[in-house]
Amino acid sequence: MMSEHEDETVLRPVDSIIRLLLVEDDDSLASEIAAELSARGYDVARVGNGLHGLEEAQTGRYDLMVVDRMLPELDGLSVIERLRRQKITAPVLVLSALSAVDDRVNGLKAGGDDYLTKPFAMEELAARLEALLRRPTDSRETVLRFGPLEMDLIERKVFRDGREIDLLPREFRLLEYMMRRPGAVLTRTMLLEDVWNYRFVPQTNLVDVHIGKLRRKVDGPDEAPLIQSIRGAGFSLRVSD
């Protein structure tokens, strides 16, 4: 086993399954975006109007959203405002042909996390989405919940069905990362880069060791396991079938 600072020689891209909702009424553009992002590993769902976009986003199943500003039935900014009022906090990138400063400001004030004007390069869209994913998922949240787990981000306490779980700082950060991405497959590379802030991935069993310790604290002897090992891929926080 190597230490946290050894053999930082291999650079790898972040590899994860990100559930993305694309709300865009231009079918040609939506197809192009969906194809590009799917090729980059995103799990993309598409809808073509604001009302359907709102309904789909309200399921809370998405890690990220791309919302066109001018949509039929309900405009994009209204969609975002309603989602924010409902405490749905997934990052949103606003697409728009409107490029004036006031337009961009209004898009961000409505609850958008980024604003990209049309036409745009797919490379820039992808880069902006990656940047959004690197941000804390939602600094507005103070309590995270997943199944029997509850994490108080202010008090720095974690409970499972009322049982307090004593976590070390790194374990807390690791579990927070997983709770912000429930059900997603999290690779060791992704965890090293985002939890340990490694830009170069060391050859180490660091993640496995910490996951093992965290699992023993989160999943008690008589409790259904929540931290799952995904063969050949990594780990996931999910409820067993």
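In which loop does Pro119 lie? In this predicted model, Pro119 belongs to the loop that runs between strand E5 (114–117) and H5. Most peptide bonds, by contrast, are trans.

**The chain as a whole**

Let us step back for a moment. The protein chain has 241 residues, and 46% of them count as buried. Its secondary structure comes to eight helices and twelve strands. If you look at contacts between residues at least 6 apart in sequence, 59% join residues at least 24 apart. The chain exposes about 12400 Å², with carbon and sulfur atoms supplying 49% of that area.

**Two helix pairs**

Two packed helices are described by the angle between their axes and the distance between the axes. Here are two such pairs side by side.

| Helix pair | Angle between axes | Distance between axes |
|---|---|---|
| H1 (residues 27–39) and H5 (residues 122–134) | about 60 degrees | 11 Å |
| H6 (residues 169–179) and H8 (residues 206–218) | about 80 degrees | 10 Å |

Take H1 and H5 to begin with. Their axes meet at an angle of about 60 degrees, which makes H1 oblique to H5. The crossing of H1 past H5 is right-handed. On the H1 side, the contact is made by Leu29, Glu32, Ile33, Glu36 and Leu37, and H5 contributes Met122, Leu125 and Leu129. Sorted by class, this contact has six nonpolar and two charged residues, with no polar ones.

Now for H6 and H8. These helices pack at about 80 degrees, so H6 is roughly perpendicular to H8. From H6 come Arg170, Glu171, Leu174, Leu175 and Met178, while H8 brings His210, Ile211, Lys213, Leu214, Lys217 and Val218. By class, the contact of H6 with H8 has six nonpolar, one polar and four charged residues.

**Asp194 at the end of H7**

Which residues does Asp194 touch, leaving aside those up to four places away in sequence? They are Arg173 and Tyr177. Asp194 itself sits in helix H7 (residues 188–194). Asp194 and Tyr177 are 17 residues apart along the chain, and their C-alpha atoms are separated by 8.3 Å. Is Asp194 buried, exposed or partly exposed? Its relative accessible area is 24%, so Asp194 counts as partly exposed.

Most residues other than glycine have a negative phi.

Glu73 is not a glycine, yet it has a positive phi of about 75 degrees. You will find Glu73 in the loop between strand E3 (64–68) and helix H3 (76–85). With a relative accessible area of 57%, Glu73 is exposed, because the cut-off for that label is over 50%.

Asp161 also has a positive phi, of about 50 degrees, although it is not a glycine. The loop that holds Asp161 lies between strand E8 (157–160) and strand E9 (163–165). Asp161 has 63% relative accessibility and therefore counts as exposed.

Key
Residues numbered from 1 in each chain as written. Predicted model: local features only at pLDDT ≥ 70, side-chain atom pairs only at ≥ 80, totals over all residues. Heavy atoms only, no water. Axes fitted to C-alpha atoms, helices over the stretch in contact; angles between N-to-C directions. Helix = DSSP H or I, 4+ residues; strand = E, 2+ residues; numbered from the N terminus. Parallel < 35°, antiparallel > 145°, perpendicular 65-115°, else oblique. Left-handed = near helix turned anticlockwise from the far one by under 90°. Contact = heavy atoms within 4.5 Å. Nonpolar A, V, L, I, M, F, W, Y, C, P; charged D, E, K, R; others polar. Buried < 20%, exposed > 50% of the residue type's maximum accessible area, 1.4 Å probe, protein only. Areas by Shrake-Rupley, 256 points an atom, 1.4 Å probe, with all protein chains shown as cover.
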